[in-house]
Amino acid sequence: MTGLEVAELARGVRGGERRALARAITLVESRRADHRVAAGELLDALAGTGRQALRIGLSGTPGVGKSTFIEAFGMMLTAQGLRVAVLAVDPSSARSGGSILGDKTRMDRLSRDPRAFIRPSPSQAQLGGVARRSREAVALCEAAGFDVVLIETVGVGQSETLVAGMADLFVLLLAPGGGDELQGVKRGIMEIADLILVNKADGDLKPAALRTVADYAGALRLLRKRVQDPEGFPKALPVSALEEAGLAAAWAEMKALADWRRANGHFARVRAEQARSWFEDEVRQGLLARLERDAGLRARMAALGDAVEAGRAAPSRAAAEVLAALEAAQG
């Protein structure tokens, strides 16, 4: 891609053109070396837009109704005149690398809303199910003028830590239940959640949902107070994506928390820390890519890997040899 093409694509993204944004995300997700160079130029060209969206990370156990919630929540926001981008990460097959990417199908109404943009991306076997270039996709959505960016992750586990590193707010969506389910949610996940929403608070499940909210509210009060939280946060609330109940209350709490963090300096501080973490992660990934590209280093690593597997070398010693070889190659 030429510099002129990159400049044209940047103009389209700044103009809020959905097709240009889709092309830009495809570019940053590409692993081709020339595309990575072009992606870097594009992100540099868009860095000075000064636009900032509210980034909301969303996760939950399979079957909790994430897609239904996101569609109902997104439709509520677009009805208020807001532009909403949804970055939905689908799990890739560890065997074939393929991904279903069915989120657009499950969010039919929202996908047809002119004020919304839905981009399903394969996790490409990345740890925790967060796509390799999710941070760059978020930055592109902000440059395109979206007011809210929803980052949906795969399942419950390592993905929470990863998405919390690129979001302003982290929302955990859970189904009605208590007791064993409460014990099954790791303390680490509870500690990074800003808001716990218990979905399916409707029909026969409503009493169970309200009990679950009470259980989590009690558990949250036992956690250590975080400096980035005002009084009463984090908190648990009931919602029904099916009946679209509780969505306005959840949005009000999200805005209140974001506004408090902005007013008290936490919002800008966390954004700066996330940018630094992004930079350091890129350096680490670049070093790993260097190992993959260098045929000699790759062969050395394969040989040492065989030695470790056969018990002829200690993993730490073999790793030190690879790093020493990398330093020698750079010198």
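**View 1. Strand E2 is the top contributor to the lining of the largest cavity, with three residues.** The model shown is predicted, so local features need pLDDT of at least 70 and side-chain atom pairs count only at pLDDT 80 or more, while totals for chains, interfaces and linings use all residues. Residues are numbered from 1 along each chain as its sequence is written, and side-chain values use heavy atoms, with hydrogens and water left out. The largest cavity holds about 50 Å³ of space. Glu29, Leu87, Ser121, Ser134 and Ala137 are the closest to its centre among the 10 lining residues. Strand E2 (84–90), strand E3 (116–122) and helix H7 (134–143) each bring at least two residues to this lining. Here a cavity is a set of points on a 1 Å grid over the protein atoms alone where a 1.4 Å probe fits but cannot get out, and lining residues have an atom within 4 Å of a point. Volume is the space filled by probe spheres set on the points, joined across faces, edges and corners. Helices (H or I, at least four residues) and strands (E, at least two) are DSSP runs numbered from the N terminus.

**View 2. Glu71, in helix H4 (residues 66–79), is buried yet has no salt bridge.** Buried means under 20% relative accessible area (1.4 Å probe, protein chains only), and a salt bridge puts a side-chain nitrogen of Lys or Arg within 4 Å of a carboxyl oxygen of Asp or Glu. Arg109 has the nearest side chain of opposite charge, 4.1 Å away. Leaving aside residues up to four places away in sequence, Glu71 touches Arg106, Met107, Asp108, Arg109 and Leu110, where contact means heavy atoms within 4.5 Å.

**View 3. For context, the protein has 15 helices and seven strands.** Of its 331 residues, 45% count as buried. Among contacts between residues at least 6 apart in sequence, 76% join residues at least 24 apart. Searching the whole structure gives two cavities of 30 Å³ or more.

How values were computed:
1 Å grid on protein atoms, 1.4 Å probe; cavity = no way out; pocket = protein on both sides within 12 Å on 5 of 7 lines; lining within 4 Å. Buried < 20%, exposed > 50% of the residue type's maximum accessible area, 1.4 Å probe, protein only. Lys, Arg positive; Asp, Glu negative; His and termini not counted.
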